[in-house]
Amino acid sequence: MKITVHFLCLFISISVFCQTKVAKKLPVKKVAKTVVKKTDVVAQPNPDLVVLNEKIPVLIPKKKDGKFGYVNQKGKFIIQPEYHIAVFFYEDCNLLNSPNEKIRKFGTKEYATVEKDMISYRIDQKGKRVYQFKDSDLGKCPKEFKYQPFQAYVKNGFYGIIEKSKFINAEDYRDYQIYPQYEYLYIAESEDVSNPMIIASKNDRFGVIDVNNKIIIPFEYDDIKRNFSWMLGKMFEVSKDGKTYYYIDSHNKTY
């Protein structure tokens, strides 16, 4: 009887011990976190700044009701006319070399110079005035000398073109780049001195030729301004009545 009781006690003890053992933890699967990467914000191009001709600016000065604004290449006003003066978007070397480093950025070609009420500003392509000119901000432009191989030459009251390094005998027509035959010639300012555009007058009408005497712009204008429009914007400022001026490109297209 004692043996039976002892055995029963031993069995109960083993049973209790087994039930109190800590169960093993099952491995927990790690759930991968979804990482959302921040993408760089890309500036959307302005749909109004259409490009029909890559050689000319996307914004062109245009006068309306006595004031200047800017049109795109389709002729739509993007910057409304409110200025007395408006020039092409182009570098301003005085600002690029300013003693004030903070405003040098306004000298880049992303901005244009305008004038209103005798005050000059730089504006961006949205028409916002971002800088007002101050004399103290203006630096000195470095002097750059570019040899001009061609020049106008007058013979018997008519204008022609000579290449200075080759011209020797004024009586030899072969020494002329363009033999004198025009009422007037003006070599337009340009970065490409080897192939400049030449404003010419013939039969009291103005047109444009190149150094090979090829007609670029027909002789149909009352006037073509001798300014920096070709150098700054690859365009000419023309008029058919001597009063109303507008811009054309080298294909004689009006803007």
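**Notes on the predicted model**

1. Two strands count as paired here if DSSP finds at least two bridges between them. Helices (H or I, at least four residues) and strands (E, at least two) are DSSP runs, numbered from the N terminus.

2. A word on ground rules. This is a predicted model, where local features need pLDDT of at least 70 and side-chain atom pairs count only at pLDDT 80 or more, while totals for chains, interfaces and linings use all residues. Residues are numbered from 1 along each chain as its sequence is written, and side-chain values use heavy atoms, with hydrogens and water left out.

3. How confident is the predictor? The pLDDT (the predictor's confidence in each residue, from 0 to 100) averages 87 over the chain, and 82% of the residues score at least 70. A contact means heavy atoms within 4.5 Å. Where pLDDT is low, the predicted coordinates should not be read in detail.

4. Now the overall tally. The chain has 3 helices and 17 strands. Of its 255 residues, 35% are buried, meaning under 20% relative accessible area, with exposed set at over 50% and partly exposed in between (1.4 Å probe, protein chains only). Among contacts with a separation of 6 or more, 36% are between residues 24 or more positions apart.

5. Back to β13 (residues 205-209). Of its 5 residues, 4 are buried, so the strand is largely enclosed by the rest of the structure. The hairpin of β12 and β13 has 2 residues between the strands, and N203 takes a positive phi near 55° in it. On to β14 (residues 215-221): β13 runs antiparallel to that strand, with 3 bridges joining them. V208 has I217 as its bridge partner in β14. This hairpin has 5 residues between its strands, and N213 in the turn has a positive phi of about 65°.

6. Is S201 buried or exposed? S201 sits in β12 (residues 198-202) and, at 5% relative accessibility, counts as buried. Leaving aside residues up to four places away in sequence, S201 touches Y182, E183, Y184, F206 and F219.

7. There is also an open sheet of 3 strands, in the order β1-β2-β3, with antiparallel pairing. β1 (60-64) and β3 (77-83) stand at the edges with a single partner strand each, so one side of each is left without a neighbour in the sheet. From one strand to the next the twist averages 30°, using axes that are lines fitted to C-alpha atoms (for helices over the stretch in contact), with angles from 0 to 180 degrees between N-to-C directions. β2 (residues 67-71) pairs with β3 over 3 bridges, and F68 has Y83 as its bridge partner in β3.

8. Last, the cysteines. A disulfide (a pair of cysteine sulfur atoms within 2.5 Å) joins C93 to C141, with S to S at 1.7 Å. The pair links distant parts of the chain, 48 residues apart: C93 is in helix α2 (residues 93-96), and C141 is in the loop between β7 (129-132) and β8 (150-155). The link is right-handed, with 80° about the S-S bond. C93 is partly exposed at 31% relative accessibility, and C141 is partly exposed at 30%.
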